[in-house]
Amino acid sequence: MPSRKYDIGDTVMGRWPGSSLYYEVKVKAFNPSTQLYTVKYVDGTELELKEADIKRSQLFKSKREGSRSKSPSRRRSRSRSPGRPVRRSTSRGRDPKKEKESKIYDVLEVKLSPLPKSVINNANVQYEKKISTNNEVSSEVFHKVEVGQYEEKQKAVTITAQNKVEALPEIDRADVRYNLRPRKEDNDKVSESFERNVEEVTMKSVRKSKTAELEFGGRIGAFIMIFVLPVIVFLLLVTCAKKDPSIYNFPPSLPAFSTLWDSQVFGIVGLWLLFQVFLHLLPVGKVVDGLPLESGKKLKYRTNGFYAILVCAVMVGAAVFYGIDFTYVHDHFLQFASSAFIFSVLLSLYLYIRSRWASKDELAPNGNSGNLFYDFFIGHELNPRVKSLDLKYFCELRPGLIGWVLINFSMALAEMKEQNIEYPSLAMILVNAFQLIYVLDALWNEEAILTTMDIVHDGFGYMLAFGDLVWVPFVYSLQAYYLVNHPNQLSWPFGAVIIILNGTGYLVFRKANSQKNVFRRNPHDPRVAHLKTISTATGKSLLVSGMWGFVRHPNYLGDIIMALAWSLPCGFSHILPYFYVLYFTCLLVHREARDEHQCRKKYGSAWDEYCRQVRYRIIPGIY
């Protein structure tokens, strides 16, 4: 086994991926299996580098002392660290040719630093035209300089550089403390191109290696959760069906096998999934681009979920009109849950088997550990597709979410039948209405899910397949299932309070998600361009005003408020209906911890500054 050349804690010079620039870094860790060093740059960014991309600091010192070459490539090797601002020399008596080269070099380095807002506002229209006209030439020459072919474009870039140098004043050091890119007021084309290139380089460096940091308890935790999650679902459903679902009667006696399996129910679930696939593939609704993948490619997604639920509503209404009894869902609820579980396992097995032939660029960054059970649980492939059908995107919003609404509707009919009442109770109406609004909102804003962690970061495996097909429709409908056999006489004043609570949570949830989605897709959009941001070394910015300046995860706060409003109509006789809000709070706290860890590793010192400005995590007043 080869020995490593650099020790943990060594301060060396590391090459910035995708360029010939070397910056001072500190060795944080070494992975013997991949032979990669984890290094930390001065701005806090952590990346994994090969040994060939790391050099001793003394080598650079000796070169700097022994050579004064005018070669652009040598000048670049003495480049500043990522976090330091650009300074232009004011010394006199220099060689004219060398001084001209220095000006050009400074202008090119300015592309890595933002300009103060006041500078851009005072710039004249003529200067802005020059920037946009010469941007293409300048960008091309910048690339040539990187590969040592500076002389070929020297004449063209000199004209561009002189125009820019005259208009660029001195840059304030404090304004570039966390930046490696221009502010949004700078030239849009240069900014967007630079952000995209830096993000692609960073993601490639991370995704090429094996997953080192395991979540959910690692290999053992993933193995246990594969079996524990379905047990939790069936225990909840069996307990909820009892006349006295108190914790004193827990755990319930195991049901007979006949109550868990029915071939007719299995066929109905299969037809439901195929019907949703058919609706999804219809050429209805707009086609949108997802976020850039590691390769720079953007996948296409058809957003027609709202049309799908409208079609389902019409068909359900027609079925009720012709006398089809939807209380059948309530009477065979355990069998429906068993059938959905079987389909989720079959889908998970298919996903893992097909992922063994996927290329490295198609693998998920957190599901590439090499352990069978962990990768099976987390998801080995990021965006598995069967032709135009994106399996993860389809399952996230279609069969489980629309099925949740259909289950709630059947529970309302079952309550009327079991309690011998003409209309559903106020508690059942509120639960159905609140959750229907939530689902309609998700399908109406279907495009927003393309920027979430589930789509961008997590692979598609057992965790999401089981969650989408089993956990969401059968656990999230627990309140409606509970009210069928345990009615609660809800007063109108208390009902009004619950409505206000749910409305508040929804407004916080929707406003926060809308700001996040718009900002991730286009930071210059007029709807979010006025918000304050902190720039990061990856080229992206962090929102520190609006809803995202209130707490770090306002969307999670809105979710928790709504979850409480969904449980309150069930009264306070038993804790079972509150399982959802308790579980959901734990889920969001865990996800917030995952977000914090990933963001701190990705954004470095910029994330520390963000945490100083936005102190509260999910709940105001709680750090």
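## Basis and confidence

Because the model is predicted, local features are described only where pLDDT is at least 70 and side-chain atom pairs only at pLDDT 80 or more, whereas totals for chains, interfaces and linings use all residues. Residues are numbered from 1 along each chain as its sequence is written, and side-chain values use heavy atoms, with hydrogens and water left out.

The chain has a mean pLDDT of 77, and 74% of its residues reach 70 or more; pLDDT is the predictor's confidence in each residue, on a scale from 0 to 100. Over residues 96-187 pLDDT stays under 50, and the model has 138 contacts beyond four places in sequence for this stretch, a contact meaning heavy atoms within 4.5 Å. Residues 201-208 also stay under 50, with twelve contacts beyond four places in sequence. Where pLDDT is low, the predicted coordinates should not be read in detail.

## The five-stranded sheet

Five strands form an open sheet in the order β4-β3-β2-β1-β5, with antiparallel pairing, and the edge strands, β4 (46-50) and β5, each pair on one side only. Strands (E, at least two residues) and helices (H or I, at least four residues) are DSSP runs numbered from the N terminus, and two strands are taken to pair if DSSP finds at least two bridges between them. Strands of a sheet pair through backbone hydrogen bonds, either parallel or antiparallel.

Strand β1 pairs with β2 (residues 22-31) in the antiparallel sense over five bridges. Within this pairing, Val12 has Val25 of β2 as its bridge partner, and Arg15 has Tyr22 of β2. Strand β1 is also joined to β5 by two bridges, again in the antiparallel sense, and here Met13 stands opposite Lys55 of β5.

## Salt bridges

The structure holds 13 salt bridges, each defined as a side-chain nitrogen of Lys or Arg within 4 Å of a carboxyl oxygen of Asp or Glu. One of them joins Arg56 to Asp10, with the closest N and O atoms 3.7 Å apart. Arg56 lies in the loop between β5 (54-55) and α1 (57-66), and Asp10 in the segment before β1 (11-15), so the pair ties together parts that are 46 residues apart in sequence. Arg56 is partly exposed, with a relative accessible area of 34%, on a scale where buried means under 20%, exposed means over 50% and partly exposed lies in between (1.4 Å probe, protein chains only).

Another salt bridge is formed by Lys286 and Glu447, whose closest N and O atoms are 3.3 Å apart. This pair links distant parts of the chain, 161 residues apart, with Lys286 in strand β6 (residues 286-289) and Glu447 in the loop between α16 (426-444) and α17 (453-456). Lys286 is exposed at 52% relative accessible area, while Glu447 is partly exposed at 22%.

The salt bridge between Glu609 and Arg612 has its closest N and O atoms 3.0 Å apart. Both residues lie in helix α23 (residues 605-613), where they are three residues apart, about one turn of the helix. Glu609 counts as buried, at 16% relative accessibility.

## A nonpolar surface patch

Ile220, Phe223, Ile224, Phe227, Val228, Leu372 and Phe373 form a nonpolar patch on the surface, with about 670 Å² of accessible area together. The elements that give two or more residues to the patch are α8 (218-240) and α13 (372-378), and the largest share, five residues, comes from α8. Leu372, in helix α13, is partly exposed, with a relative accessible area of 48%.

Patch members have over 30% relative accessible area and no salt bridge; nonpolar side chains (Val, Leu, Ile, Met, Phe, Trp, Tyr) are joined within 5 Å, and like charges within 9 Å. Accessible areas come from the Shrake-Rupley method with a 1.4 Å probe, and for residues only the protein chains shown count as cover.

## Two loop residues

Gly370 sits in the loop between α12 (333-355) and α13 and is exposed, with a relative accessible area of 58%. Its C-alpha atom is separated by 8.0 Å from that of Thr211, 159 residues apart along the chain. Leaving aside neighbours within four places in sequence, Gly370 is in contact with Lys210 and Asp375.

Ser477, in the loop between α18 (462-475) and α19 (478-485), counts as buried, at 0% relative accessibility. Leaving aside neighbours within four places in sequence, Ser477 is in contact with Phe333, Trp404, Ile407, Asn408 and Val472.
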